[in-house]
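Let's walk through this structure together, one step at a time. Keep the view open beside you as you read.

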Number of protein chains: 2
Amino acid sequence: MDNKINIGSEAIIAPFRVGGMTITIVGVGLISGSFALAMKQHGFAKHIIGVSRTKASERKALELGLIDEALPLEEAIKKSDFIYVAIPVDATISMMRQIMDLVNDKQIVVDAGSTKYALCDALTNHPSRKRFVASHPMWGTEYSGPEAAVTNAFTGRACVITEKEKSDAAAVEVVENIYKTLGMHIIYMDAAAHDVHAAYISHISHITSFALANTVLEKEKEEDAIFELAGGGFESTVRLAKSNPAMWAPIFMQNRENVLDVLNEHISQLRKFKSALEKENIEYLNELMENANRIKRIIK
Amino acid sequence: MDNKINIGSEAIIAPFRVGGMTITIVGVGLISGSFALAMKQHGFAKHIIGVSRTKASERKALELGLIDEALPLEEAIKKSDFIYVAIPVDATISMMRQIMDLVNDKQIVVDAGSTKYALCDALTNHPSRKRFVASHPMWGTEYSGPEAAVTNAFTGRACVITEKEKSDAAAVEVVENIYKTLGMHIIYMDAAAHDVHAAYISHISHITSFALANTVLEKEKEEDAIFELAGGGFESTVRLAKSNPAMWAPIFMQNRENVLDVLNEHISQLRKFKSALEKENIEYLNELMENANRIKRIIK
């Protein structure tokens, strides 16, 4: 590991960009792979190491040029300036503990998980806590694995950084600079607030989409009809149902209380539509839809 | 009205394309406006007349070049070879009765409604039934009005024609040729089957999207958070919530039984997720999502 990261100095950014860091990505999938591509593209990375549970993923990531080298975790950490962890959120906690036990006071560790409270809570008293920056780039697709990685991901989206105050200020600055260069806008939150908002903005959309797919698969016995008739509306509401259960089950479990809270509300909102239809109450139906139309004010 | 439509002849298509028809669109909105643009673009139309309830929409449609002229219904019909009706499905029934009372045995009348049973049923014994072709082009966006009309709509989507056998064969051929030229593939169904499939493929997606918007608007008091955090997943599941209630309330009411049937199933599918989360049953959660993943086989 070289010493390009000059903690607490205004000069941090420049050597980062000019020389480029040695970066380890833990997990070689959609998020980490897309992150690796962006880090190369923007000159942040001179060398990227991949750490994966499976040889097949390592090979694929090498083949696709997402990583320059695959190594076991401990060796990878030793050689790296910057470690980026993007694996299922349940595995993240134990993985992060291992990593944090290995890092020195110059390295930066960042996670990209969709839940923040459990992880931040688990690491709160770790002696190297300051080396860790908790982030959630709000970008993704319904695909997973190294093949799902794309260039120009992240652009135009939000990135949440939680518990900024528990991280080294210079480390946060480095991470902010990276995400901003990737075209993201940074939002600061405490970890618990993040998880509440994520339940509304992301997690519930996935549950409704999974449930909608199950509804159609259960009731529509003529799959050809779905295939032939499905238009833009159906595809856009159901596309998240292709998402990887191995990624989403741990997210829902870690954010269980918030997700249940939103899910209960969502079921009760659907029941209002049911009631309006059962009673043939067109005024109420219109009222429900007009209320929903207010979402126009919020999303373009 | 000229006599370009040579019923029952192989030569139907050619004069259609070469000379171009005089077409009336009833309603000057998203669907009819996009249809008008396509009919001009592909040389089917030499003159397009718009019929609208409001002067403002007529002016806008003229201004946008969707129509060449705005006329009252009766005058418009007299001058037209082809009449295309795309207005809310409740208004369609009485409008179509008026139109069918006016048409001669050379004119073709087509509707584009999202429900087919009630309309086909209402017209089944009309003396001019053969002049009517019942269609549902499976394309749309969440926007409405003349400003929402776009070029190159419809391409790559399905178009359902119901009760083909009750329409004049040559009239069906004309309509098929138009939709195929617009890039659509034609599917034939009886009207009741169409409404069942439409409930699954389109109507339920709109209800879940409206309900999701209401869920988030109800519970997420920090609208700024939605605005700042919302990513692709949220936007794609909620975008249909911007749809026009004046269009959708009549669809849901006309297709009430099918929609209720699907909605009940959907609520019960959501309850399975709720139960899995409440019981912290990660195996069940995975099973539900893996089942939903089967949608990959059906939509790309």
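The buried residues of helix H13 of chain B pack against helices from both chains: helix H8 (191–219) and helix H11 (245–254) of chain A, along with helix H12 (256–278) of chain B. Helices here are DSSP runs of H or I with at least four residues, strands are runs of E with at least two, and both are numbered from the N terminus. Which residues of H13(B) are buried? They are B:Leu285, B:Leu288, B:Met289 and B:Ala292; "buried" says that 20 or more other C-beta atoms, placed from the backbone, lie within 10 Å of a residue's own. These residues sit on the same side of H13(B), because they cover an arc of only 90° around the axis, taking the directions from the helix axis to the C-beta atoms. The general rule is that an α-helix has 3.6 residues a turn, so residues three or four places apart point the same way.

You can check the length of this helix too. H13 of chain B has 12 residues (282–293) and should span 16 Å, which agrees with its end C-alpha atoms being 16 Å apart. The expected span is 1.5 Å times one less than the number of residues.

A word on what you are looking at: this is a predicted model, in which local features need pLDDT of at least 70, side-chain atom pairs count only at pLDDT 80 or more, and totals for chains, interfaces and linings use all residues. Residues are numbered from 1 along each chain as its sequence is written, while chains are lettered from A and ligands numbered from 1 in the order in which they are written. The predictor gives the complex an ipTM of 0.89 and a pTM of 0.88. Chain A averages a pLDDT of 91, on a confidence scale from 0 to 100 for each residue. Residues 1–15 of chain A, however, have a pLDDT below 50. Where pLDDT is low, the predicted coordinates should not be read in detail.

Now step back to the meeting of the two chains. How many residues take part in the contact? Chain B brings 80 residues and chain A brings 80 residues, where contact requires C-beta atoms, placed from the backbone, within 7 Å. On the chain B side, H8(B) gives the most, with 20 residues.

Finally, look within chain A, where the domain assignment gives domain 1 (10–189) and domain 2 (194–297); such bounds come from an automatic or database assignment. The C-alpha centres of these domains of chain A lie 31 Å apart.

Key. pLDDT is the predictor's confidence in each residue, from 0 to 100. Two residues are in contact if their C-beta atoms, placed from the backbone, lie within 7 Å. A residue is buried if 20 or more other C-beta atoms lie within 10 Å of its own, exposed if 12 or fewer, and partly exposed in between; C-beta atoms are placed from the backbone.
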